[in-house]
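Please take the sequence and the model below together.

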Amino acid sequence: MFRKSACIISLVLVPAVVGADAVPSEDAAEGLFSDQPYSPYAQRTFPERPLWGDTHLHTGLSLDAGAFGNTLLPDEAWRFAKGEQVISSTGQPVRLSRPLDWMVLTDHTDLMGFAPDLQAGKPGVLSDPKGLEWYEGYKAGGEEAGKAAFDIITNFSQMTLPEILLESYSPGADAFAFTWESIVLAAERHNDPGTFTAFIGFEWTSVPKGFNLHRNVMLRDGPIRALQMVPPVTQPPYGDTDPKALYAWLEEYQEKTGGRAVAFAHNGNLSNGWMFPTEDTYHGGKVDEDYVADRAKWEPHYEVTQIKGDGEAHPFLSPDDEFADYENWDVGNLDITELKTDDMLAGEYAREALKRGLMLEEKFGVNPYKFGMGGATDSHTSLATAEEDNFFGKSVSVEPSASRIKHPFIANDLGEIPGDLLVASGYTAVWATENTRAAIFDAFKRRETYATTGPRIGLRFFGGWDFSEADVETRFLANVGYTKGVPMGSDLRPREGEAAPSFLIAALRDPVGANLDRVQVIKGWLDSEGALQEKVYDVAWSDNREVDQNGKVPAVGNTVDVETASWTNTIGTAELVTVWSDPDFDPNARAFYYVRAIEIPTPRWILYDKLRYGIELPEDAVLTHQERAYSSPIWYTPAE
Amino acid sequence: MRVLKEPLLHFFLIGAAIFVWFHIIAPESENVEDIEKITLDEDDVALLSARFEAQWKRPPSDAELKALVDASIREEVLVREARKLGLDRGDPLIRTRLSQKMDYLTEAIATSIVPNDEDLEVFLQENAERYATPVMVAFHQVFLGEKPGEAEIENALATLRAKQDVSDLGGSTLLPASMPLSATRVIESVFGGGFSKGITEVETGRWTGPIQSGYGIHLVQVVAIEPSQTPPLAEIHDAVLRDWRREMSEALAQAQYDTLAENYEIVAPDLSGPAK
């Protein structure tokens with residue numbers, strides 16, 4: 001349909017432009033693609049390119065980041081994200097390979113502003129014995145400073161912070177209000193609509209007894225609205241770790257200011273099963289109508305991959321998925337005060353949560369886990385680095401150095417996360433029509449986002465009822481996708497005819513990155529017995545590989561030279577485009593579909609450390625991996 | 001009198017005045033310690049009382065005030081004795097506080113200088129590239145694959161220049177068929193490094209190529225190019241002022257330190273040799 005009308009219009013227009021060569025501008029504006037009006041940009045109702053950003057970054061204003069010696073404040077973090085070179089807290093020049101298009105700066109709200117005062121040895125901090133002890137540790141540097149920082153974090157997560165410090169750096173205190181003001185104003189200084197979007201945000205750091213229930217919050221608004229409130233905290237008596245308290249704050253924010261906000265969780269893998277409950281919440285509540293309604297309203301997005309582990313899937317939950325075993329952290333909760341058991345995993349991983357959402361929707365009519373996918377760094381260095389060859393680590397203590405891989409992220413009597421397991425991940429791509437707060441925020445709300453573990457892989461995913469093989473051939477994939485179907489993050493349109501849903505899928509490698517191995521569709525559904533199911537389909541792949549007897553596409557190979565930390569794009573392919581139709585479609589079963597695009601193997605960051613510092617790596621260290629992108633799902637709901 | 005407009009000179013004048021002033025108001029007893037006599041006058045007591053009130057939202061009772069005065073005297077005695085014993089030396093806390101106070105003094109002076117527009121104009125010209133807008137390009141492109149043959153490129157170019165229907169030309173691709181006026185850095189983030197260089201040097205309106213991207217070979221028709229320019233000061237006044245302040249206060253802090261350091265002969269091992 002589309003193609004035909006384009007040809008007719010061009011036939012009509014071609015004679016009109018003959019002889020117009022002398023006026024290049026007219027000629028140019030006419031355009032060769034005559035499906036467009038005179039102004040080639042007039043009908044841009046759909047996004048042209050993904051906008052890259054980080055939803056989760058800490059500066060020296062955050063309690064833990066500052067305690068670990070991060071002295072870079074929001075201005076440096078913003079300048080870095082925009083592509084400028086900065087000097088890191090450890091004195092190293094650093095720059096991104098390419099600027100980001102947008103970012104949410106999310107300093108911890110609890111004890112916001114305490115860290116810079118600790119670093120400066122302000123009297124308010126030193127007057128408390130614990131404050132003095134931490135200050136002395138901080139000043140001593142090295143291991144002492146690390147110990148002090150860890151003690152601060154332990155006291156925070158176990159809720160044993162000194163009362164006087166808590167009072168001075170919590171809502172109601174001047175220091176808290178002024179820190180918030182400085183965060184808001186810094187974002188405003190760096191917000192440059194059309195070029196770079198600086199979101200005002202924060203992290204609400206709920207971690208009762210070490211169970212990670214963190215949420216980031218991003219505002220659609222500027223300072224006029226953001227400064228009418230101070231952000232909420234979790235430490236009693238000033239705040240509460242129950243997500244309900246956060247929802248109440250969000251409700252109040254929108255009502256009072258007329259603004260808009262969303263929250264998104266991360267690191268379910270460190271929650272010991274509490275991130276995606278189906279029966280009881282950690283705080284003693286029930287997963288009931290109110291819970292599912294609130295969660296669905298406020299959390300349309302999930303940060304699925306970041307430094308502290310990739311949270312898409314786990315081999316225990318998805319034994320048939322040979323790519324599920326990727327950068328998983330499954331030792332215990334955040335501070336390893338409780339070890340992980342297998343029964344906790346289902347409440348922790350995104351794929352399982354999407355499945356649980358179908359079950360809860362069947363029960364309550366609302367799906368609380370209907371989220372879009374995003375990736376973030378969660379760096380505490382003010383530096384949003386997610387590329388393997390440019391990875392500045394989780395905190396200042398593990399910025400590049402010959403010894404950093406020897407520093408465990410955490411180690412205690414119960415267990416350990418060794419330093420080489422930090423994950424150089426990830427970013428969020430947004431399909432938004434403009435690079436502005438409003439356009440990007442709205443894309444988050446409609447879940448038109450996808451996650452990557454760092455590389456800037458292009459990914460389009462449309463679902464509909466009549467995509468055909470011919471649609472693969474078009475040069476205007478997005479036109480077809482948006483016209484005949486819905487984009488990632490949406491519900492399929494009501495079913496037409498008797499066919500199974502079909503999907504238009506395209507993935508493009510990072511322009512400076514590794515080729516693609518394959519593209520997969522992951523389907524989850526609620527079967528007629530009420531059981532949750534999942535299946536991974538290989539839908540497009542490189543190098544003309546044959547599907548083996550198990551129905552799998554064999555591994556793509558590995559070109560990584562571990563001595564030089566290099567690889568070649570001699571395997572894989574730059575682009576994979578396909579139309580896929582669900583061969584196992586059951587019109588009566590609730591289902592979701594999302595896409596996973598997988599790169600050929602490339603070096604992990606530790607190989608670059610080995611090469612640059614000449615160090616030995618632990619024997620069992622994972623040296624190469626296959627980075628990936630996760631699209632937001634498209635959901636199917638049977639007709640009543 | 002151009003010379004008086006030099007910020008550095010301002011700085012030294014103000015700095016000198018402040019240091020002289022501090023010298024004058026510093027109590028004699030701090031210089032020649034009279035350990036026999038500790039005086040708390042009414043102003044000191046009023047200050048203690050005011051501090052108490054700020055914290056507890058009520059004035060202190062007589063007993064509380066007495067306790068405050070006693071504590072204050074006790075502190076003074078112990079501080080003086082501690083100094084006699086040299087306990088203040090080598091204490092990292094005290095040293096940090098003292099050096100911080102010196103830094104604050106410098107900072108306060110630096111922020112008190114208000115530059116006029118001439119100073120900012122000079123600063124802007126000296127750092128023009130920092131404020132320059134990026135080169136912006138709008139274009140259409142057709143992707144011909146990773147390694148198209150020469151004949152294929154020629155044919156495609158001829159077709160495009162002849163303005164025939166091209167919807168079948170080139171492969172399917174996720175790359176945008178056209179980009180609106182975009183900064184070169186944005187173009188490079190989509191097409192890969194080097195691509196924008198290829199398209200900023202071609203004739204507007206005419207299909208050209210081949211141009212290499214991170215993916216392969218393209219033919220490009222540039223619609224418009226907007227050259228880089230430095231905006232007038234009035235448009236970016238606040239940003240220039242902010243940067244001027246930042247650089248000036250860093251320069252002044254260093255100048256201040258250098259001046260003070262000149263009063264010392266510094267002996268330290270030479271560490272500038274090859275790194276170990």
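**Packing, rings and cavities**

Setting aside neighbours within four places in sequence, Trp180(A) is in contact with Met112(A), Ile200(A), Gly201(A), Phe202(A), Leu219(A), Ala226(A), Leu227(A), Met229(A), Val230(A) and Pro231(A). The model is a predicted one. Trp180(A) is also among the residues with the most contacts inside the largest nonpolar core, along with Leu250(A), Ile505(A), Val519(A) and Tyr593(A). That core has 77 residues. Helix 10 of chain A, residues 174-190, gives the most to this core, with six residues.

Ring pairs join Tyr593(A) with Phe461(A), Phe503(A), Tyr537(A) and Trp580(A) in a cluster. Over all chains, a search of the whole structure finds 34 aromatic pairs. One of the pairs is in chain B: the ring centres of Phe139(B) and Phe195(B) are 6.1 Å apart, and the planes are at 55 degrees, so this pair is tilted. Phe139(B) and Phe195(B) are both buried.

Two lysines of chain A sit over tryptophan rings. Lys370(A) lies over the face of Trp635(A), at 5.4 Å from the ring centre. Lys523(A) lies over the face of Trp525(A), with a distance of 4.6 Å to the ring centre.

Chain B as a whole comes to eleven helices and four strands. Of its 276 residues, 32% are buried. When contacts in chain B between residues at least 6 apart in sequence are taken, 70% of them join residues at least 24 apart.

Where is space left inside the model? The count comes to seven cavities of 30 Å³ or more. The largest cavity holds about 190 Å³ of space. Its lining has 19 residues, and the closest to the centre are Arg49(A), Pro50(A), Gly458(A), Leu508(A) and Val190(B). Two elements give two or more residues to this lining: strand 15 (458-464) of chain A and helix 9 (184-191) of chain B. Strand 15 of chain A gives the most to the lining, with three residues.

Is Glu352(A) buried or exposed? The relative accessible area of Glu352(A) is 12%, so this residue is buried; the cut-off for buried is under 20%. Glu352(A) lies in helix 14 (residues 350-364) of chain A. Apart from neighbours within four places in sequence, Glu352(A) is in contact with Leu317(A), Ala346(A) and Glu534(A).

Gly142(A), in helix 8 (residues 142-157) of chain A, is exposed, because its relative accessible area is 65% and exposed means over 50%. From Gly142(A) to Ser127(A) the separation is 15 residues in sequence and 24 Å in space, taken C-alpha to C-alpha.

Technical notes: Residues are numbered from 1 along each chain as its sequence is written. Chains are lettered from A and ligands numbered from 1 in the order in which they are written. This is a predicted model: local features need pLDDT of at least 70, side-chain atom pairs count only at pLDDT 80 or more; totals for chains, interfaces and linings use all residues. Side-chain values use heavy atoms; hydrogens and water are left out. Rings of Phe, Tyr and Trp (its six-membered ring) pair if their centres lie within 6.5 Å; planes under 30 degrees apart count as stacked, over 60 as edge-to-face and the rest as tilted. Buried means under 20% relative accessible area, exposed over 50%, partly exposed in between (1.4 Å probe, protein chains only). A charge sits over a ring if NZ of Lys or CZ of Arg is within 6 Å of the ring centre and within 35 degrees of the ring normal. A nonpolar core is a set of buried Ala, Val, Leu, Ile, Met, Phe, Trp, Tyr and Cys residues joined through side-chain atoms within 4.5 Å. Contact means heavy atoms within 4.5 Å. On a 1 Å grid over the protein atoms alone, a cavity is a set of points where a 1.4 Å probe fits but cannot get out, and a pocket is an open set with protein on both sides within 12 Å along at least five of seven lines; lining residues have an atom within 4 Å of a point. Grid points are joined across faces, edges and corners, and a volume is the space filled by probe spheres set on the points.
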